[in-house]
Amino acid sequence: MREVDALDGSAPARAVCHALLIETPASGLVLVEAGLGLDDVAKPAELLDREWTELVGPVLAPAETAVRQVAALGHDPADVRHILLTHLDVDHSGGLPDFPHAQVHVMEAELEDALAQAPNRRYRPGHWAHGPRWQTYPGTGTRWLGVDGVQPAAGLPEDILLVPLGGHTRGHAGVAVNDGERWLLHAGDAYFYHGELARDPQSHPMFDIVQNDAQVDPERRVSSQETLRSLVHDHGVTVISAHDPWELAEHTR
């Protein structure tokens, strides 16, 4: 996406909106986030909000889409049987039509708000016009590492969880995965800059503008970030946001 200045003197970098791909022994491939899709690349004026596109500056290239990257890894995109979304914002759900047969997991409140509010800058109905197989989750669940309301993803291994992290949207969630050695939590847009999770939090001026403009509940967003700091510093969870390019580079070296 649009280039963002670094705060530590290193080179500026384009903001990202990355996805995770999980290989499971019995449930096929699982995609965490769907990003922008091939239809968005081909028809941005039709599927994307013009103001959002101008502000964010996404690289509209087929190779950037999840479906093309899954194929580039040697997989058949048809083997993606499940997609877990942190939320339904345009840059997280646009790839859904590229995996039309996948079951789509999302918090119940998020789907309710998206269907009620679309079309707007945030939610674009073309991203679910194909009729996804929704699997929704209430805001209640079990307790996990001090966090309440956590839900195991239906039909998937028990170490893949949806973790409520409201504030950016009402039904925003993180997706936690245990790879046998550690917990990794894709926190979506619960925070935008890695400095926000430090014991002495540091914000990023540009990302702050985006966060404050997009949030629906400031108190819950701040509380969700406190939850993430506890997971990092008290429980050793590896947490990563959707958009911080320097954080992504650090975790993928």
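Modeller: In strand E5, Ile83 is the bridge partner of Leu31. Strand E4 (residues 29-32) and strand E5 (residues 80-84) run parallel and are joined by 4 bridges. Strands pair if DSSP finds at least two bridges between them, and the element names are DSSP runs numbered from the N terminus, with helices (H or I) of at least four residues and strands (E) of at least two.

Biologist: What should I know about the source of the values?

Modeller: This is a predicted model, in which local features need pLDDT of at least 70 and side-chain atom pairs count only at pLDDT 80 or more, while totals for chains, interfaces and linings use all residues. Residues are numbered from 1 along each chain as its sequence is written, and side-chain values use heavy atoms, leaving out hydrogens and water.

Biologist: What is the strand order in the open sheet of 5 strands?

Modeller: The order is E3-E4-E5-E6-E7, with mixed pairing. Strand E3 (20-23) and strand E7 (133-137) are at the edges with a single partner strand each, so one side of each has no neighbour in the sheet. From one strand to the next, the twist averages 20 degrees.

Biologist: Which helix packs on the sheet, touching E6 and E7?

Modeller: Helix H6 (residues 108-117) does, and its direction makes about 95 degrees with that of strand E6 (103-107). Such angles run from 0 to 180 degrees between N-to-C directions, with axes fitted to C-alpha atoms, for helices over the stretch in contact. The buried residues of H6 are Ala109, Glu110, Leu111, Asp113 and Ala114; buried means under 20% relative accessible area, exposed over 50%, and partly exposed in between, with a 1.4 Å probe and protein chains only.

Biologist: Which residues touch the most other members in the largest nonpolar core?

Modeller: They are Leu31, Val80, Ile83, Leu85, Leu88, Leu96 and Phe99, in a core of 19 residues. A nonpolar core is a set of buried Ala, Val, Leu, Ile, Met, Phe, Trp, Tyr and Cys residues joined through side-chain atoms within 4.5 Å. The largest share, 3 residues, comes from H4.

Biologist: And what is Phe99 in contact with, sequence neighbours aside?

Modeller: Beyond four places in sequence, Phe99 is in contact (heavy atoms within 4.5 Å) with Leu31, Ala66, Val67, Val70, Pro77, Val80 and Ile83. There is also a second, separate core of 17 residues, which includes Ile22, Val30, Ala153 and Leu248.

Biologist: Changing topic, how many salt bridges are there?

Modeller: The count is 8, where a salt bridge is a side-chain nitrogen of Lys or Arg within 4 Å of a carboxyl oxygen of Asp or Glu. One of them joins Glu112 to Arg170, with the closest N and O atoms 3.2 Å apart. Glu112 lies in helix H6 and Arg170 in the loop between strand E10 (160-164) and E11, so this pair ties together parts 58 residues apart in sequence.

Biologist: Is Arg170 buried or partly exposed?

Modeller: Arg170 is partly exposed, with a relative accessible area of 40%; Glu112 is partly exposed at 42%.

Biologist: How far apart are the closest N and O atoms of Arg143 and Asp148?

Modeller: They are 2.7 Å apart in that salt bridge, and Arg143 is exposed, with a relative accessible area of 57%. Elsewhere, Glu51, Arg121 and Asp213 are linked in a network of salt bridges.
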